[in-house]
Amino acid sequence: MPLETKTVNTRVTPTTDLDKARHDLDVVGYCIVEDVAPSDLVSRVRERVLEQASAERDAGQAFVQDGNTQWVANVLNKGEVFLELLTCSATSLDLCRHVLGDGFILSCSNAPIAGPATGRMKMHSDQYWTPTIQEEPLAYSRLGENGLDRAEVGHSAVRRDYLFPPCMVTLVWAITDFTADNGATVFVPGSHMSGLQPDYRHNYTDAVPAEMPAGSIVLWDGRTWHATGANRTQNQYRIGVTNNMVAPMIRPLVNYPYSLRAEVVARLDERQKQLLGFTTWTAYGNEGVPMQDLKYFKPAVDQPGPIR
């Protein structure tokens, strides 16, 4: 079923041109855009991430992966600056809309800190449950069975005729410079068109780093193969903030209406409420009456119970 046998070897470079960014996203599977977040906001986010990370280590609550990458999870509960970052840029939201259309919502937001001696993460795609489309209509995989261990894997980005569409976009805000040496995210260009998942046992020496200055974003199609790079420096801590977006009918990784602290919910503006899943989309997210014309659903405490 390959459409062509050659792979995409394009190395994406940072840009401020939205048309180029959309082209890179479509053809290569990811794009890099400079000068997206204001420098003062980047500084405040960096300060808050480091403060929170230190406190979580002291409290014995730190989550560390791949040797020396500390993940500060669910950051929207951990500082107003993260909500500010979420909606600070029309550019980032426009690129998400380019892939997912209107109504997309936030699936999760975390702050990974890749420290010295961090090993490269295993190659993966965020949309790992994507089925491989077969020519035979009845030869489909059951979506609930498409876990992390898949039989159909690939080692190169060979394009296919039939593809499951992107349902997910991930963007990472560069809170420090991202370099090839300090753990910049690495990608296999064109892998979003392969229709396969990467083999986590394979080295993927053709993966290229997304190098960018602080204040930039790297944004990728959920089907694109990628990994956090190895940090080979002696003293650099590469800090990012991830915003993973999904189409509005996809179940998010984090249930924000349930997990957000009350004081955070009280600060949400209209755009943030929509992004965090507090609004309905067609019949999804309703209160049990699918044809209800609701903008916001009510929490359980406000729902009617038995009536006699």
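Glu51 and Arg48 are 3 residues apart in helix 2 (residues 39-58), and so about one helical turn separates them; helices here are DSSP runs of H or I with at least four residues, numbered from the N terminus. Their side chains meet in a salt bridge, with 3.0 Å from N to O, a term that requires a side-chain nitrogen of Lys or Arg within 4 Å of a carboxyl oxygen of Asp or Glu. Arg48 is buried, with a relative accessible area of 18%, where buried stands for under 20%, exposed for over 50% and partly exposed for what lies in between, computed with a 1.4 Å probe and protein chains only.

This is a predicted model, in which local features need pLDDT of at least 70 and side-chain atom pairs count only at pLDDT 80 or more, while totals for chains, interfaces and linings use all residues. Residues are numbered from 1 along each chain as its sequence is written, and side-chain values use heavy atoms, with hydrogens and water left out.

The structure holds 13 salt bridges. In general, side chains of opposite charge can pair when their charged atoms come close. One of the salt bridges links Arg267 with Glu80, their closest N and O atoms being 4.0 Å apart. Because Arg267 belongs to helix 6 (residues 262-267) and Glu80 to helix 3 (residues 80-86), this pair ties together parts that are 187 residues apart in sequence. Arg267 is partly exposed, at 35% relative accessibility.

Salt bridges that share partners also join Asp19, Arg22 and Asp94 into one network. Within it, Arg22 and Asp19 form a salt bridge whose closest N and O atoms are 2.8 Å apart, and both residues lie in helix 1, 3 residues or about one turn of the helix apart. Asp19 is exposed, with a relative accessible area of 56%, whereas Arg22, at 21%, counts as partly exposed.

Helix 1 (residues 18-27) packs against helix 4 (residues 90-100) at an angle of about 40°, with their axes 11 Å apart. The two helices are therefore oblique to each other.

At the surface, Met249, Trp281 and Tyr284 form a nonpolar patch with about 300 Å² of accessible area together. Patches are made of residues with over 30% relative accessible area and no salt bridge, like charges being joined within 9 Å and nonpolar side chains (Val, Leu, Ile, Met, Phe, Trp, Tyr) within 5 Å. Tyr284, in the segment after helix 7 (270-275), is partly exposed, with a relative accessible area of 48%.

Methods
Areas by Shrake-Rupley, 256 points an atom, 1.4 Å probe, with all protein chains shown as cover. Axes fitted to C-alpha atoms, helices over the stretch in contact; angles between N-to-C directions. Parallel < 35°, antiparallel > 145°, perpendicular 65-115°, else oblique.
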